[in-house]
Amino acid sequence: MSAPTIPNLLSLRGSSRGSGRSSGRGRGGSSASSLSASGPGHDATIQATDTDAAVSRLSAVEMGYLQDPFASLFVQPAPPGPSNRRLPIINRGTYTRTTAIDAIVNHFLASTPNQRRQIVSLGAGTDTRALRLFSSNTYTNIAYHEIDFPAITQRKLHSVRASQHLRTVLTVTTPPLTPPPSSWTAASATSATNTLHCHGIDLRLLPAAGILPSLDPSLPTLLISECCLCYLAPAAASAVVAYFTSRLPRLGLVLYEPVKPNDPFGRMMVSNLAARRIEMPTLDVFLLPADQERRLQQAGFDIVRHMTIDKVWEKWVATEEKERVDGLEGLDEVEEWLLLAGHYIVAWGWRGDGFELPGT
Ligand SMILES: C[S@@+](CC[C@H](N)C(=O)[O-])C[C@H]1O[C@@H](n2cnc3c(N)ncnc32)[C@H](O)[C@@H]1O
């Protein structure tokens with residue numbers, strides 16, 4: 001929920017109330033008003049959504065929702081003041097979505113002990129999940145693949161090379177080329193069996209490309225799309241999923257996306273995105289949670305589950321943890337939270353022997 005979909009919706013609403021909170025726009029180097037809704041300008045707008053996600057992650061970390069020592073390393077230092085601070089319901093959304101995907105990732109890793117396994121994050125941006133996993137030292141033998149536009153993977157490499165802290169977690173194994181390569185690899189400094197493979201490629205070109213370097217089709221693999229495939233045209237998004245389902249027999253997929261664009265709240269969400277020249281074409285096709293389940297079934301996943309974010313909060317966050325989170329900022333707008341969280345879904349499915357993902 002930290003991406004520009006709802007966060008900006010509510011950031012816009014927050015600033016109209018004079019909260020002084022910023023959506024983080026402009027920090028990604030694009031001005032939405034000057035960009036067209038398709039073509040290269042639109043790609044730049046979509047790439048800038050990673051900055052929104054990074055700023056929201058940092059806000060949730062700074063307010064104590066999440067622990068992530070890497071969140072600040074991918075966000076430009078803000079001027080003094082609360083400019084990077086998100087509204088409480090946005091922080092709770094970022095927390096809940098991160099908790100849900102972390103739980104699915106952990107379940108996948110725990111169900112595949114003593115063997116090599118893969119995670120592939122589509123549109124990973126400057127996400128820190130691989131860094132958190134590697135530094136926790138809980139799991140070994142992970143090949144973690146991240147895919148994003150070359151401009152984003154290059155920027156991530158720059159941050160990794162520039163940060164003393166990150167150099168204690170990752171050893172970049174790509175030769176130090178100038179200009180920096182868009183595809184690069186790194187090994188975990190604590191366990192060399194954990195490797196990070198950053199692939200700088202437009203996902204829409206993936207179906208026509210060969211097998212990604214270092215991707216091993218024989219390994220159990222978890223594919224993550226955390227607010228990524230929703231930016232692609234439905235046929236292109238399906239082709240990306242088919243690229244993996246046609247090659248990897250033991251595969252799971254977890255998606256995080258908005259749903260219900262046609263009710264009043266959903267219409268407002270879509271119109272706020274449109275004001276920023278952002279389109280989410282898959283939202284027109286996978287309208288309801290049941291459509292997302294059908295999508296995964298049609299893609300070939302045998303077991304399919306989904307939960308809206310409000311249900312994740314209700315069912316997956318333990319009582320004491322709910323109390324801790326409630327105590328951080330308080331949440332006056334409970335109805336607004338339920339409305340917001342009900343418009344975001346985590347859907348997951350899997351197929352193949354020897355591993356599993358959680359039930360609901
Ligand atoms: C909202 S951000 C999410 C980043 C990250 N998954 C997270 O949740 O923190 C969406 C990401 O998807 C990437 N993306 C969108 N369309 C893409 C495409 N066609 N090819 C590669 N990356 C894409 C963007 O560049 C951006 O980094």
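A polar contact here is a pair of N or O atoms within 3.5 Å; within protein, one must be able to donate a hydrogen and the other to accept it, and residues adjacent in sequence count only if both atoms are side-chain atoms. Keep in mind that this is a predicted model: local features need pLDDT of at least 70, side-chain atom pairs count only at pLDDT 80 or more, and totals for chains, interfaces and linings use all residues. Residues are numbered from 1 along each chain as its sequence is written, and side-chain values use heavy atoms, with hydrogens and water left out.

Let's start with the ligand.

| Residue | Residue atom | Ligand atom | Distance |
|---|---|---|---|
| Arg 57 | side-chain N or O | oxygen | 2.5 Å |
| Arg 97 | polar side-chain atom | oxygen | 2.8 Å |
| Leu 203 | backbone N or O | nitrogen | 2.8 Å |

On its own the ligand exposes 590 Å², and the protein buries 99% of that (Shrake-Rupley areas, 1.4 Å probe). Helices (H or I, at least four residues) and strands (E, at least two) are DSSP runs, numbered from the N terminus.

Then there's the sheet: nine strands, open, with mixed pairing, in the order β3-β4-β5-β2-β1-β6-β7-β9-β8. Its edges are β3 (170-172) and β8 (303-308), each pairing on one side only; pairing takes at least two DSSP bridges. Strands β7 (residues 251-258) and β9 (residues 344-351) run antiparallel, joined by eight bridges, and Gly 252 has Trp 350 as its bridge partner in β9.

As for confidence, the predictor gives the complex an ipTM of 0.99 and a pTM of 0.90.
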